[in-house]
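Reader: I have just opened my first structure and would like to learn how its features get their names. Could we go through some of them together?

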Amino acid sequence: MLIEFTKMHGLGNDFMVIDLVTQRMDLTTDLVRLLADRHLGVGFDQLLLVEPPTRPDVDFKYRIFNADGTEVSQCGNGARCFASFVQARKLSFKQRLRVETASGIITLSTDRYGWVQVDMGKPKFEPAQIPFTPQAITKIGNSYRLNVNGTPIELYIVNMGNPHAVIKVDDVLATDVDKLGQAIESHPAFPERVNVGFLQIVNQRHIRLRVYERGVGETQACGTGACAAVVVGIREGWLDEGANIRAQLYGGSLEVRWQDGYPVMMTGPTAFVFEGVFSPDGLAAQAGINLTPDDADKY
């Protein structure tokens, strides 16, 4: 059995996209990890699955798996690629899609230039909504002071369909993102781990950002991370509320807009890289993995 796939990216945040509306396949953690391997598989930050809806008021179901095989609730750059993919594959001719995710319904809209705007929903800030367990952690205004390897780090928490910790820095290029990001991502205060964004304010409508994504590491771009950083910047008065904020990442720039009490709107480009086919059974046989999922490893 051969499965068709498409390789895409949103500002360098790269994805393998599989249509499971017209195709069928079993998925296990080991297979996701193998496909994500940049030497033995296709290679990607996240695997995106397009599935039939499970409810009548949406067009598709959208599932996301990190490179380490864990399923996550949301991916902003992936959502834009999802919209471009279903239109290119003629799975839908709508310019506006309602898509079911593990964190709720999102709306995707494509303009005449091919850019996709995503209604990311309203941000959440309560510790239980992250989740974040701030026992014995100092709270300062909207921020928290977290002990990381013996050093106090001030950070902000936001859930944008997935959990984010945002740290304001003077210079993102001078920040040790790998060391600090890894330590915070797996900190005991975040029981489901966390994405870690490092935010530099350029001016009131321009930020620079680097993101260490849970289960992946630093990526070229992160859509939900850009939304989380802009929300924090607006909430703290560093950025203009209701304006289009340019979020500059390694892979390029996104446009994010937010006004308190309203959903976060994110707009940006997508790109197709290549298409191909693979044999799940053939890959599994070469790698010596089992494709029959047990109860603890079944998607």
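This is a predicted model: local features need pLDDT of at least 70, side-chain atom pairs count only at pLDDT 80 or more; totals for chains, interfaces and linings use all residues.

Reader: What makes strand 11 and strand 12 a pair?

Author: Pairing needs at least two bridges, and strand 11 and strand 12 have four, so they count as paired.

Reader: Which strand pairs with strand 12 in the parallel sense?

Author: That is strand 13 (residues 195-203), over five bridges. In strand 13, Asn-195 is the bridge partner of His-164. Strand 12, helix 3 (residues 177-185) and strand 13 also make a right-handed β-α-β unit.

Reader: Why is strand 12 called largely enclosed?

Author: Strand 12 covers residues 163-168, and five of its six residues are buried, so the rest of the structure largely encloses it.

**Aromatic rings**

Reader: How many aromatic pairs does a search of the whole structure find?

Author: The search finds eight aromatic pairs. One of them is Tyr-62 with Phe-82, at 4.9 Å centre to centre and 55° between the planes.

Reader: How do you know whether Tyr-62 is buried or exposed?

Author: Buried means under 20% relative accessible area. Tyr-62 has 2%, so it is buried. Phe-82, at 0%, therefore counts as buried too.

Reader: What kind of pair do the rings of Tyr-156 and Trp-238 form?

Author: Their planes are at 90°, so the pair is edge-to-face, with the centres 5.7 Å apart. Tyr-156 is in strand 11, while Trp-238 is in the loop between helix 4 (223-235) and strand 16 (245-249), 82 residues apart. Both Tyr-156 and Trp-238 are buried.

Reader: Which lysine lies over the face of Trp-238?

Author: Lys-168 does, at 4.2 Å from the ring centre. A charge over a ring must be within 6 Å of the centre, and the 4.2 Å of Lys-168 meets that limit. Lys-139 lies over the face of Tyr-144, at 5.4 Å from the ring centre.

Definitions and conventions: Residues are numbered from 1 along each chain as its sequence is written. Side-chain values use heavy atoms; hydrogens and water are left out. Buried means under 20% relative accessible area, exposed over 50%, partly exposed in between (1.4 Å probe, protein chains only). Helices (H or I, at least four residues) and strands (E, at least two) are DSSP runs, numbered from the N terminus. A crossover is right-handed if, with the strands pointing away from the viewer, the path from the first strand over the helix to the second runs clockwise. Rings of Phe, Tyr and Trp (its six-membered ring) pair if their centres lie within 6.5 Å; planes under 30 degrees apart count as stacked, over 60 as edge-to-face and the rest as tilted. A charge sits over a ring if NZ of Lys or CZ of Arg is within 6 Å of the ring centre and within 35 degrees of the ring normal.
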